[in-house]
Amino acid sequence: MNDKCILDDSLRNKITQLEYKNLSNKEKEIKEIYKKHTGREIPNFEIYSSSEMGIGKKSGFDGAAIHFYDKQRNINEVYYIFRGTEPSKDFGDVVYDALGVGAGKNNAQINDAVKMYKKVEANLKGSNVKVKRYGDGHSLGGHLIVTLSLITKNFTGVRGLNDAPVNVKQLVELDQTFARYVEHQVGRENKISAKRLTELANIYYERQKAAISHTWVKGEPMHAQSFPGSWYAGNKVTMLGDLDTEEMINIGKYPFQKEAKWNPVYMIDQFRYNLGVKTILVA
């Protein structure tokens, strides 16, 4: 198989942007983008979309996949592309951002992402050419594609673009092998701290982390946020933009946390702040 993937980062960026207009019936546009970028004709490919599969209508999930296949040229690659939050289009994204990404209490969209993945995989043409899987996701879509890659454990390369973090509490529910690993390490405890789960996830998903990277723009709100259980799996982060730009406030962390250790007034205020965040996440 070719060591070099069909789509480089620049092409993947362009197709990820195109997914916001829905990749269904965008064969012509994709061919033109590829030809303009590479000067070559694109290999044979097929597009799959969650909407055409009837997946995501209730949860708000939006995703697509492009499968490139050419047995003669030893090409067999599939690119999964998941869309980010679109509050003006579907309130389901906002609900999942809060209860899924933030609280780890709602698995609706990641369940639909898994459902789409299984349908696409069932349609991949049989061949002695090994399939290579790549993933891209922006914002909420980054959370979904990274989570999916951890669960399936078979992606070659995954990119989160200004992505929301994985929630380790979801991983325990969604990945039975990880759940068994956690149980083996700590026993059948009813409640394991988010910090401990993150420590275990960092060990268990060591191989998968090597395939995950994050590209963030300084000052964007997503990567500045942290909630109990939030985890940025991966070993590489590329920061773009003006590095002097101030980061957005982390609404999951009390802004005067250091001062609260020494000031009783701040300690009381921190308690109220954390209580308010908890109320938002579990409401």
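Modeller: Start with burial. Buried means under 20% relative accessible area, exposed over 50%, and partly exposed in between, using a 1.4 Å probe and protein chains only. In this predicted model, 48% of the 283 residues of the protein chain count as buried.

Colleague: What ground rules apply to the numbers?

Modeller: Residues are numbered from 1 along each chain as its sequence is written, and side-chain values use heavy atoms, with hydrogens and water left out. Local features need pLDDT of at least 70, side-chain atom pairs count only at pLDDT 80 or more, and totals for chains, interfaces and linings use all residues.

Colleague: What is the average pLDDT of the protein chain?

Modeller: pLDDT is the predictor's confidence in each residue, from 0 to 100. The chain averages 80, and 71% of the residues score at least 70. Residues 275-283 fall below 50. Beyond near neighbours in sequence, that stretch has 10 contacts in the model. Contact means heavy atoms within 4.5 Å.

Colleague: How many helices and strands are there in the protein chain?

Modeller: Both are DSSP runs, numbered from the N terminus: helices are H or I with at least four residues, strands are E with at least two. The chain has 11 helices and nine strands.

Colleague: At what angle do H7 and H8 pack?

Modeller: Two packed helices are described by the angle between their axes and the distance between the axes. Axes are lines fitted to C-alpha atoms, for helices over the stretch in contact, and angles run from 0 to 180 degrees between N-to-C directions. Here H7 (residues 176-186) and H8 (residues 194-204) pack at about 115°, with axes 11 Å apart.

Colleague: Is the crossing of H7 and H8 left-handed or right-handed?

Modeller: A crossing is left-handed if the near helix is turned anticlockwise from the far one by less than a right angle, and right-handed if clockwise. The H7 and H8 crossing is right-handed. Residues in contact include Phe178 and Tyr181 in H7, and Leu197 and Leu200 in H8.

Colleague: Which residues touch the most other members of the largest nonpolar core?

Modeller: In soluble globular proteins, nonpolar side chains tend to be buried together. A nonpolar core is a set of buried Ala, Val, Leu, Ile, Met, Phe, Trp, Tyr and Cys residues joined through side-chain atoms within 4.5 Å. The largest one has 40 residues; Tyr80, Phe82, Val120, Leu150 and Trp231 touch the most other members. Among the elements that each supply at least two residues are strand E3 (75-82) and helix H5 (140-152). The largest share, seven residues, comes from H5. Another core, of 18 residues, lies apart from it and includes Leu23 and Ile66.

Colleague: What does Trp231 touch?

Modeller: Not counting residues up to four places away in sequence, its partners include Leu150, Pro165 and Tyr205.

Colleague: Where does Gly56 lie?

Modeller: Gly56 is in the loop between strand E1 (45-49) and strand E2 (63-70). Gly56 has a relative accessible area of 10%, so it counts as buried. Leaving aside neighbours within four places, Gly56 contacts Phe61 and Asp112. Gly56 and Met116 are 60 residues apart in sequence and 9.0 Å apart in space, C-alpha to C-alpha.

Colleague: Is Asn25 buried or exposed?

Modeller: Asn25 is exposed, because its relative accessible area is 63%. Asn25 sits in the loop between helix H1 (9-19) and helix H2 (27-38). Its phi is near 60°, a positive value in a residue other than glycine. Lys153 also has a positive phi of about 60° without being a glycine. Lys153 counts as partly exposed, because its relative accessibility is 21%.
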